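Please walk through the structure below with the text beside it.

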Amino acid sequence: MPPFFRLPPELHVLITSFLPIEDQLQFRLTCAYIYDVIPPLSHEELLLAESTNWARRKDVYACRYCLRLRPASQFAESMLRRRRSREGRDSSKRFCVDCGLKPRNGTARYGPGAHVIVHGRFYVVCLYCGTFQPGATDFLGRHTSYCVKCSS
Ligand SMILES: [Zn+2]
Ligand SMILES: [Zn+2]
């Protein structure tokens with residue numbers, strides 16, 4: 001056993017808190033013991049982590065509901081722009097697509113008919129089948145509130 005692991009858990013927590021935030025995040029994923037012992041980062045800490053060069057390089061953003069840093073591809077484009085961009089005034093309000101689709105405590109986010117653009121692609125919570133799918137456009141190219149399957 002490496003000497004570090006012979007220390008008591010309180011010291012693991014203390015030592016880890018001195019690591020740069022990106023190292024804390026990665027260290028927590030190194031083994032099940034550490035994952036249990038080291039507390040997860042708070043939303044505030046995740047928002048700080050988000051502005052590091054490390055997070056910019058990895059293109060990850062904080063989600064207020066699952067409290068994780070997730071790749072840009074897991075967010076609607078509107079969640080990454082303007083006031084919800086990195087260090088934006090409302091960055092703390094940002095949530096990922098998964099959390100938008102599966103509310104945990106009743107606050108509906110992406111409800112029936114919601115239009116969500118992810119990486120330039122149009123998705124919809126279909127008004128007909130109720131699932132989150134690539135959305136259909138009408139004959140004028142406008143976004144509809146139905147999925148591609150239901151409108152074909
Ligand atoms: Zn989330
Ligand atoms: Zn549908």
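Predicted model: local features only at pLDDT ≥ 70, side-chain atom pairs only at ≥ 80, totals over all residues.

Residues are numbered from 1 along each chain as its sequence is written, chains are lettered from A and ligands numbered from 1 in the order in which they are written, and side-chain values use heavy atoms, with hydrogens and water left out.

Start with the zinc ion (ligand 1). Its protein donors are Cys 63 (SG), Cys 66 (SG), Cys 96 (SG) and Cys 99 (SG), lying 2.2 to 2.4 Å from the ion. Donors are N, O and S atoms within 2.8 Å of the metal (3.2 Å for Na, K and Ca); water is not among the atoms, so sites may look incomplete. Why is the arrangement around the zinc ion (ligand 1) tetrahedral? The 4 donor atoms subtend angles of 102 to 121°, and four donors count as tetrahedral if all angles lie between 85 and 135 degrees. Along the chain, the donors of this ion follow the spacing C-x2-C-x29-C-x2-C. Distant parts of the chain are linked here: Cys 63 is in the loop between strand S1 (60-62) and strand S2 (69-71), and Cys 99 is in helix H7 (residues 97-101), 36 residues apart. Helices (H or I, at least four residues) and strands (E, at least two) are DSSP runs, numbered from the N terminus. Cys 63 is buried, at 0% relative accessible area, and Cys 99 is buried at 3%. Buried means under 20% relative accessible area, exposed over 50%, and partly exposed in between (1.4 Å probe, protein chains only).

Turn next to the zinc ion (ligand 2). Cys 126 (SG), Cys 129 (SG), Cys 147 (SG) and Cys 150 (SG) coordinate this ion at 2.3 Å. The site is tetrahedral, with angles of 102 to 116° among its 4 donor atoms. The spacing of the donors along the chain is C-x2-C-x17-C-x2-C. Cys 147 is buried, with 1% relative accessibility, whereas Cys 150 is partly exposed at 29%.

Now the salt bridges. A salt bridge is a side-chain nitrogen of Lys or Arg within 4 Å of a carboxyl oxygen of Asp or Glu, and a search of the whole structure finds 8 of them. One of them joins Arg 56 to Glu 87, with the closest N and O atoms 2.6 Å apart. The pair links distant parts of the chain, with Arg 56 in helix H6 (residues 53-58) and Glu 87 in the loop between S2 and H7, 31 residues apart. Arg 56 is partly exposed at 39% relative accessible area, and Glu 87 is exposed at 57%.

Another salt bridge is formed by Asp 98 and Arg 70, whose closest N and O atoms are 3.0 Å apart. Asp 98 lies in helix H7 and Arg 70 in strand S2, so the pair ties together parts that are 28 residues apart in sequence. Asp 98 is partly exposed, at 31% relative accessibility, and Arg 70 is buried, at 11%.

Asp 90 and Lys 93 also form a salt bridge, with the closest N and O atoms 3.6 Å apart. Together with Arg 83, these residues are linked in a network of salt bridges. Asp 90 is buried at 15% relative accessibility, while Lys 93 is partly exposed at 41%.

Leu 7, Leu 11, Leu 14, Ile 15 and Phe 18 make a nonpolar patch of about 450 Å². Patches are made of residues with over 30% relative accessible area and no salt bridge, where like charges are joined within 9 Å and nonpolar side chains (Val, Leu, Ile, Met, Phe, Trp, Tyr) within 5 Å. Accessible areas come from the Shrake-Rupley method with a 1.4 Å probe; for residues, only the protein chains shown count as cover. Ile 15 is found in helix H2 (residues 9-17) and is partly exposed, with a relative accessible area of 36%.

Conventions: Tetrahedral: all angles 85-135°; square planar, octahedral: opposite > 155°, others 65-115°.
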